[in-house]
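Hi,

Here is the structure we talked about handing over. My notes follow below it.

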Amino acid sequence: MRHLVSRWRLARPSSLSQPRFHCAPPPPPPLSNSKLFVGGLSWSVDEKSLKDAFSSFGDVTEVRIMYDKNTGRSRGFGFIHFASDDAAKCAKFAMDGKAFLGRPLRISFAIDKVRGGPVVVPRLPAVGESNN
């Protein structure tokens, strides 16, 4: 196998001597931003109390708290679906960082999970590194 690889390297034009890696273009932005990720939830929170806390910002269509399979205890995060993007945006900016049942909430727009596809995370330049 090594013999074949070395022949292939010699046969390639010099412009291709360095391997090139290309990332897939980023996925298009989601059509809807009405789903919020809510982190920092207390273990005692339930769907009703979370819905009550967020329904003042608009119509909440679904609340899901993620639970541990083995213990049945809350994993400390969940998702809230709103009927409109504006209601979700308003709730995010109003509740992010606010205390709920003694713990500060971390809220962001949820990203739909794509099963089987690669996750592309944009690389931020290091301190002192130029963008060129």
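Along the sequence, the chain runs α-β-α-β-β-α-β-β-β. That makes three helices and six strands (DSSP runs numbered from the N terminus: H or I of at least four residues for helices, E of at least two for strands).

This is a predicted model: local features need pLDDT of at least 70 and side-chain atom pairs pLDDT 80 or more, while totals for chains, interfaces and linings use all residues. Residues are numbered from 1 along each chain as its sequence is written, and side-chain values use heavy atoms, without hydrogens or water.

Of the 132 residues, 24% count as buried (under 20% relative accessible area, 1.4 Å probe, protein chains only).

Beyond four places in sequence, F54 is in contact (heavy atoms within 4.5 Å) with residues including V38, V60, I80 and F82.

Then S42. It lies in the loop between strand 1 (35-39) and helix 2 (47-54). S42 is buried, at 11% relative accessible area. Its side chain makes a polar contact of 3.0 Å with that of S44 (N or O atoms within 3.5 Å, one able to donate a hydrogen and the other to accept it; residues adjacent in sequence count only through side-chain atoms on both sides). Leaving aside neighbours within four places, S42 touches S74, L101 and R103.

Best wishes

Notes: Buried < 20%, exposed > 50% of the residue type's maximum accessible area, 1.4 Å probe, protein only.
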